[in-house]
Amino acid sequence: MAARDRTAQLRKGVLELAILAVLDGDEYYSIEIIEQLGAQPALTATPGTVYPLLARLDKADKVTTRWVEAGSGGPPRKYYSLTDEGRAALQEGAAAWEALSGAMGELLRKGGHLS
């Protein structure tokens, strides 16, 4: 498996947590979320990937949405923000990520694959 494919598979597992982290403390509409993910090249995602994740998070009551009219006469934008369930999921996910990344880092350093 090419390194690029392996990165894509790992990224899929963390995109939901990354979206929750983006929404921590602020509300954003979908394109802003995609731009913030894209600021971290390993987390770059397309609308076709992010929109279904946002719909799933909304259905699971981890995010709430509201429509806001665009100031420039454009179409209204759907803004997303965390719910209490979303904040709890973010805390749980962050703890799981820390445990997993710490364990993997230790194994990879032990094998000489990380400095």
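At roughly what angle do the axes of helix 1 and helix 2 cross? Before I answer, please keep in mind that what we are looking at is a predicted model.

The axes of helix 1, residues 3-22, and helix 2, residues 30-38, come within 10 Å and cross at roughly 110°, which makes helix 1 roughly perpendicular to helix 2, since angles of 65 to 115 degrees are counted that way. The crossing of these two helices is right-handed, and the contact is made by Leu15, Ala18, Ile19 and Val22 on the side of helix 1, with Ile33, Gln36 and Leu37 on the side of helix 2. By class, the residues of this contact divide into six nonpolar and one polar, with no charged residue.

Let me turn to helix 3. The axes of helix 1 and helix 3, residues 47-59, also come within 10 Å, crossing at roughly 70°, and these two helices are therefore roughly perpendicular to each other as well. Here helix 1 contributes Leu15, Glu16, Ile19 and Leu20, while helix 3 contributes Thr49, Val50, Leu53, Leu54, Arg56 and Leu57; seven of the residues in this contact are nonpolar, one is polar and two are charged.

Finally, the largest pocket, which holds about 450 Å³ of space. Its lining consists of 15 residues, and those nearest its centre are Leu10, Arg11, Val14, Leu43 and Trp97. The elements giving two or more residues to that lining are helix 1 and helix 4, residues 84-110, and the largest share, eight residues, comes from helix 1.

Conventions. Residues numbered from 1 in each chain as written. Predicted model: local features only at pLDDT ≥ 70, side-chain atom pairs only at ≥ 80, totals over all residues. Heavy atoms only, no water. Axes fitted to C-alpha atoms, helices over the stretch in contact; angles between N-to-C directions. Helix = DSSP H or I, 4+ residues; strand = E, 2+ residues; numbered from the N terminus. Parallel < 35°, antiparallel > 145°, perpendicular 65-115°, else oblique. Left-handed = near helix turned anticlockwise from the far one by under 90°. Contact = heavy atoms within 4.5 Å. Nonpolar A, V, L, I, M, F, W, Y, C, P; charged D, E, K, R; others polar. 1 Å grid on protein atoms, 1.4 Å probe; cavity = no way out; pocket = protein on both sides within 12 Å on 5 of 7 lines; lining within 4 Å. Points joined across faces, edges and corners; volume = space filled by probe spheres on them.
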